[in-house]
Structure formats: structure tokens, C-alpha cells
Amino acid sequence: MDDRLLDEVIACLPKERTQFCYFKDQYAVYLLKQYLGTTTHGDIHSIKQSKLKKLLDKPLVKDTLKNSRNGRLDVAQLESVWSMQTEHYVLTLGKWGHKKRYAWNQTSRPGANLVLQLNLSNEFDARFKAVAGCHLNRMTTSTHPKSRKRMATLAWARLDMDFNTGEILIEEIQSDLIRDLEYTYKRALSAGSDSEMRIYWSRNTVDRQKVAAYCQNMIAEQKKIWSEAMMAATLWFVQQELGFSKVYYHTFDTGKVMKKITGCAPPRSLYTDLPEKFCFEKTTQAPQFIANDAKAKRRLKAANNPEWFLLAS
């Protein structure tokens, strides 16, 4: 999207600290609440006939259904669903790309993307700094859109949008931190018998056993939930804060062509399992703002049977 429009969007959004709390399978509760807010068919039978039927099998939802009356599910019931194992994140915004660097930025059309960043609490960064002497963001490459406000960016989503067509496209969901924690953990385990090693992107020499323990704990806590939390935060943000009801997401093969990814491909599961989990449905209809862009249209023609994921409410 245009740089000036992107700046206007960022300027209109809340400036205060935005906390995002998430627990495993919370997305199912959110999607069901969205559905109930837009339909008159709140009975469980109707939900079972919809694309959201698999969400009813989530343990937290099943427990809620035990207390439903007259075979119906309502928003008030879902509002009370909570878990003691809740992660507390902080959301920040950033920018990525420029139309002059279209070939390099992995955007589907020339222009900039809005970046939604999912950041860990300061506690995680403080623990790492005590071990390694530097911030967590020092572990990851400086050429990717991590937050400049927070020191521990777990993941991000890149977004392109058009307010005229009412469409928004999730270009990518990615976590450099999980990848680099795993890399550092393997390095620490394979290091020699001496007790020290150098941390990635830092000149600090650190105790490999302490670094290995930290990385192991972080991977165990965040690896299974980060992509789910990032997608949930993205849907909440684009639907509740930006007001979009048509959310597109790349499929694996079409996304590689549209973003001109010729090297190492992203994890396939992020463009298959993740959108299917969130009840996206496949469509051959591209977002209008992509199909109408001259340069994006050329890439679209090069794609073999292009498909997209779409979540419409």
C-alpha cells in the first residue's frame, strides 16, 4: 500500500501499550464469538452445519457446551472461558517495504506493508539479558521487521490492505526468534567441553549451559503456540481495530510466486495447517487490489492455478 496511507493508518491507531493475552485454543472461542455476533442462528445444530463445526470439539468449548441451554450457544457463555495458562504479549506496529524495492521485499504488489508485531513481556528479555548480556532482539537479523519499541519480538504478521475494496491480505506470519533459539540451542549442545560460547549477532561470550537451558525453556513455552497466537492477534487486530471483514491469506504455492520467493521457502505448515485450523476456506478469487495492480497481475499470471485462503464474516 501507499506509504502516506500507511502512515495515516498508524497515526489513527491507539498509541498506548496494547496487551494481548492468549491461551491455547483461544482462537476457537474468538471465531465462535464472531460468528454469533453476525448470525441469528446461534443454535448448536446450525454451528455444526457451518465451517466452524470443528471448533466445537476443542476441550474448552466442549466444557462450555455442557452448560448451554436449549441447544444454544451465546456470546455470554464464551466470555467466561479462560485458562490459567495464559501468555501475556504486547502488540506493536511497524512498516515494511517500499515500492522502489518491490523485487526484494517479498510483497505481492509494489508498496509498503503494515507490520503487526507480537512481543514477549519484559520478563523474558530480562532473563535472557541476565544470561547473555544483550537483548533477545539481538539474536535475530536486523533486516527483518522486528519491533523498535520492544526488545523481544516473538513473531510478526505483514499486512496489505485496501479500504475501498474492504479487503486485507496477510502476506506472511513469521518468527525469527523461535528459529534462532533452536539454532543457538543446538550450537550450545554441540560446543566443546569448555563452558563458554559466543551468542549469535553479539560479541558477548556466554555460558553455554545457561544459554542452552534458557533456549530449551523458551522453545518449550512458545514453539507450540506462537503461530496460533500470532494469527489470533492478527484477526483480532484487522477485524476489531481496522474493521475488515474479508481477510485473505496466501496459500503456499501461490504465495511463493506472488512474493517472488526463489530461495529458502517458509515452513509449509504456516500456509496450510494454520489457515485451515482457523477455518479459512480456499478460493480462486484474488483480492481485487492485487488483481487490479499491473505488476502484481504479471506475477499472478505466472502462478499455476492460483489459490488463496479467505476468511469472510
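This is a predicted model: local features need pLDDT of at least 70, side-chain atom pairs count only at pLDDT 80 or more; totals for chains, interfaces and linings use all residues.
Visitor: How much space lies in the largest cavity?
Guide: On a 1 Å grid over the protein atoms alone, a cavity is a set of points where a 1.4 Å probe fits but cannot get out, and lining residues have an atom within 4 Å of a point. Grid points are joined across faces, edges and corners, and volume is the space filled by probe spheres set on them. The count comes to 1 cavity of 30 Å³ or more. The space in the largest cavity is about 30 Å³.

Visitor: Which helix gives the largest share of the lining of the largest cavity?
Guide: The lining is made of H250, T251, F252, G255, K256, K259, I261, P266 and Y271. Helices (H or I, at least four residues) and strands (E, at least two) are DSSP runs, numbered from the N terminus. The largest share, 3 residues, comes from the helix at residues 252-258, α10.

Visitor: And how much space lies in the largest pocket?
Guide: A pocket is an open set of points with protein on both sides within 12 Å along at least five of seven lines. The largest pocket has 33 lining residues, with Q174, S175, R179, P266 and P267 nearest its centre. Its space comes to about 830 Å³.

Visitor: Where does the largest share of the lining of the largest pocket come from?
Guide: The lining divides into 15 nonpolar, 9 polar and 9 charged residues. At least two residues each are supplied by β4 (153-162), β5 (167-174), α7 (176-190), α9 (226-241) and α11 (273-277). The largest share, 4 residues, is from α7.

Visitor: Is D176 buried or exposed?
Guide: D176 is found in helix α7, and its side chain joins that of H144 in a polar contact of 2.6 Å. (A polar contact is a pair of N or O atoms within 3.5 Å; within protein, one must be able to donate a hydrogen and the other to accept it, and residues adjacent in sequence count only if both atoms are side-chain atoms.) Buried means under 20% relative accessible area, exposed over 50%, and partly exposed in between (1.4 Å probe, protein chains only). Because its relative accessible area is 2%, D176 is buried.

Visitor: Which residues is E172 in contact with, leaving aside its neighbours within four places in sequence?
Guide: E172 sits in strand β5, and at 7% relative accessible area it is buried. Its side chain makes polar contacts with the side chains of W156 at 2.8 Å and R158 at 3.0 Å. Counting contact as heavy atoms within 4.5 Å, the residues touching E172 are W156, A157, R158, K259 and Y271.

Visitor: How far apart are the end C-alpha atoms of α9?
Guide: The expected span of a helix is 1.5 Å times one less than its number of residues. The 16 residues of α9 should therefore span 22 Å, which agrees with end C-alpha atoms that are apart by 21 Å.

Visitor: What is the phi of D25?
Guide: Most residues other than glycine have a negative phi. D25, in the loop between β1 (18-22) and α2 (26-36), counts as buried because its relative accessibility is 13%. Its phi is positive, near 70°.

Visitor: How far apart in space are R72 and R101, C-alpha to C-alpha?
Guide: R72 is placed in the loop between α4 (59-65) and α5 (75-79), and at 39% relative accessibility it counts as partly exposed. R72 and R101 are 29 residues apart in sequence, and in space their C-alpha atoms are apart by 52 Å.

Technical notes: Residues are numbered from 1 along each chain as its sequence is written. Side-chain values use heavy atoms; hydrogens and water are left out. Ala, Val, Leu, Ile, Met, Phe, Trp, Tyr, Cys and Pro count as nonpolar, Asp, Glu, Lys and Arg as charged, and the others, Gly among them, as polar.
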